[in-house]
Amino acid sequence: MARREKEHVQLPVPNGWFAVEFSRELRPGDVKPIHYCGEDLVLFRTRSGQARVLDAFCPHLGAHMGYGGRVMAETLRCPFHAWQFDGTTGDCTHIPYCERIPALAKIRSWDVQEKNGFIWIWYHSGGEAPQWDFPSQPVFEDGAAEWSEPRAFEKVLEAHIQDTHENNNDPVHFLYVHGATEVPESTIRFTPDSTHYQIESTHEAVYPNGTFQMTFVRDSWGLGLNCMDMKGIPGAGLMMFAATTPIDGHSVHSRWLLTATNNMVDLAGEEFMNNITSGIEQDLDIWKYKVHRANPVFCEGDHYLGDYRKWVRQFYTHPVGDAGRQEDR
Ligand code: FES
Ligand SMILES: [Fe+2]
């Protein structure tokens, strides 16, 4: 057995809202096979413009409806024998060669919402209905006059979603992985029973237009969505919305939307955006080759991580490990 495999604690997929596509990538009539949270699914947009997600395999003879399925009004038509399924309820509404529709002709429909430029599904390992929600950020939706058109980028990463999310809440690694000159001063706001987690950090940054005291506020609602608001340059702003979705227990699909005030884009141009995207590249090898420690040994300087591990337990139906341990002194 490989060393990594032997040492690895397999974390389950957590519960929460997860993005399955950028809104702009799904037009009315589009049908896409998707695989997230260990599930085979079909994503489509109805003629009236609603994004819908159903289980992929038809209850009739099991065709994957993401390959050849067709949108017909508000339903999805299976490519094999043309049964039609309502996008909201999953009920079979029409069988072209049969009057009577069997009572069991139904497929699981997923809770879907569209917000902040993404299409989200609710995943719960026990099949429970959505237990919480998250706010809208208008700059990612209709756009705002002084903000640039959001840029999108995406990447599949070999990592568990908790490890990538934990990275945001690990100020020390900025020094060793991202070339920061000091550990950013950080403040965490969370309560163990709230799905909202906020970490605010300040550091000095050198940009083409000068040196500024920057404040990064990172808000999370569960593990699937993270909004970063960067402040510190007078009259300018930059916001990044990161959506991370488990493909399975070993990999994630991350999507980012990035927008800045137009004056910021005018000043720093693409360079500013590129600095942020290349920062993510610096984390990749750590995530790819690390193991997950369910019971890590923490030192006093790791109190942010200890707090984070306590918060994160609420998203698992069956949490793994404890919230970290510190050697007795
Ligand atoms: S397999 Fe879907 S209609 Fe027959
Ligand atoms: Fe990082």
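Residues are numbered from 1 along each chain as its sequence is written, while chains are lettered from A and ligands numbered from 1 in the order in which they are written. Because the model is predicted, local features need pLDDT of at least 70 and side-chain atom pairs count only at pLDDT 80 or more, whereas totals for chains, interfaces and linings use all residues.

**Domains**

The protein is divided into domain 1 (16–123) and domain 2 (139–311), with bounds that come from an automatic or database domain assignment. Taken over C-alpha atoms, the centres of domain 1 and domain 2 are separated by 32 Å. To the contact between them, domain 1 gives 13 residues and domain 2 gives 16 residues, two residues being in contact if their C-beta atoms, placed from the backbone, lie within 7 Å. On the side of domain 1 that touches domain 2, the elements that give two or more residues are β1 (16–22) and β2 (31–36), and β1 gives the most, with 6 residues. By class, this side of domain 1 has 8 nonpolar, 5 polar and no charged residues; Ala, Val, Leu, Ile, Met, Phe, Trp, Tyr, Cys and Pro count as nonpolar, Asp, Glu, Lys and Arg as charged, and the others, Gly among them, as polar.

**The open sheet**

Helices (H or I, at least four residues) and strands (E, at least two) are DSSP runs, numbered from the N terminus, and two strands pair if DSSP finds at least two bridges between them. An open sheet is formed by 4 strands in the order β5-β6-β7-β8, with antiparallel pairing. Its edge strands, each of which pairs on one side only, are β5 (70–72) and β8 (92–94). On average, and with direction ignored, neighbouring strands of this sheet are turned by 40° against each other, the axes being lines fitted to C-alpha atoms, for helices over the stretch in contact, and angles running from 0 to 180 degrees between N-to-C directions.

**Paired strands**

| Pair | Bridges | Opposite residues |
|---|---|---|
| β5 and β6 (75–77) | 3 bridges | R70 and R77 |
| β14 (210–221) and β15 (225–231) | 6 bridges | V217 and D229 |
| β15 and β16 (238–246) | 6 bridges | L225 and A243 |

In the hairpin of β14 and β15, 3 residues lie between the strands, and G222 takes a positive phi near 75°. Strand β15 also forms a hairpin with β16, where 6 residues lie between the two and G232 in the turn has a positive phi of about 145°.
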